[in-house]
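My notes follow in the order I made them.

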Amino acid sequence: MDEVAFLLRPRRGGWVIDGTVGMGGHAEAVLATSAPDVRLLGLDVDPEALARAGERLARFGGRARVVHADFRELGAVAAREGIDEAQAVLLDLGMSSWQLDEAGRGLSFLRDEPLDMRLDPTTGATAADLLNRLDERALARILAEYGGERWAARIARAIVRRRPLATTGDLVAAVRLAVPRSAWPKRIHVATRTFQAVRMAVNDEPGALDQALRDAPTLLARGGRLGVISFHSGEDRAVKRAFRALGASGFAALEPAPLEAGDDEVRANPRARSAKLRVLERLP
């Protein structure tokens, strides 16, 4: 949070767009450390998280607006809100602890909950719909491509054999059955990569990221910055590739390597250990 506030707060007045405002933590830090003429537009696909962000940012009055929207709609929402350029844009691709621990949508393998996994529970197909409908080959592709799962083919086969799946416990059981006990990872749960992959597929997170990485740079004022926090290698590769391509058209990465959470932050919040922050600046 400190790095985001320091690197993305505008040096002069204008708009900051938080495309994944979540619970409002980053937005609050940016507004609290910026001049009074800095305003923030926050988007989030999760209506419950957005309501909490609205409460958190209420103390800033008219300086903060929140909108229920996917960050793939960044450009359209900015235009609708009358924002033609921004001093900074932030995309935090991680899940909030509240979504994992309390939302009850099957995003965590630690409790037996309905297999939903939608970040916006008001629309779209659930994880159960996807897992019970797709064929074995399509499931294996999702697990391998989005989760980097070595045992994707075996897990997909186990899912198909154990259909219908209704709860997170059903999915964990399929993974445990498919992966040899001797191959279970030591640092993470054996189902971590599977849950990540299914969540990404349910919410089309790669498609949303690709669209946002195309739109966000076009919104930046000269000297404006785009910050992206990724949490796994596939996301970070997509961000790195997009930033490299923009290097030939008036943009430059602030650092050649991403910033990572320090030891103190990881001790306070272990889920930050895999976070990588890359920042791109539109050259003056």
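Is D204 buried, exposed or partly exposed? I looked this up in what is a predicted model. D204 has 34% relative accessibility, which falls between the cut-offs of 20% and 50%, so D204 counts as partly exposed. I placed D204 in the loop between α10 and α11 (205–219). Its phi is near 45°, a positive value in a residue that is not glycine.

I then turned to M117, another non-glycine residue with a positive phi, about 70°. M117 sits in the loop between α5 (97–101) and α6. M117 counts as buried because its relative accessibility is 0%.

Next I checked the peptide bonds. The bond from R163 to P164 is cis, with omega near 0°. P164 belongs to the loop between α8 and α9. Most peptide bonds are trans.

I moved on to the cores. The largest nonpolar core holds 37 residues, and M117, L115 and L171 are among those with the most contacts inside it. Elements giving it two or more residues are α6 (127–133), α7 (136–147), α8 (152–161), α9 and α10 (192–202). The largest share, six residues, is from α10. A separate core of 31 residues includes L41, L213, L246 and L280.

Last, I looked at T168, in helix α9 (residues 168–178). T168 counts as buried because its relative accessibility is 1%. Beyond four places in sequence, its contacts include G106, D112, L115 and F195.

Technical notes: Residues numbered from 1 in each chain as written. Predicted model: local features only at pLDDT ≥ 70, side-chain atom pairs only at ≥ 80, totals over all residues. Heavy atoms only, no water. Helix = DSSP H or I, 4+ residues; strand = E, 2+ residues; numbered from the N terminus. Buried < 20%, exposed > 50% of the residue type's maximum accessible area, 1.4 Å probe, protein only. Contact = heavy atoms within 4.5 Å. Core = buried A, V, L, I, M, F, W, Y, C linked by side-chain atoms within 4.5 Å.
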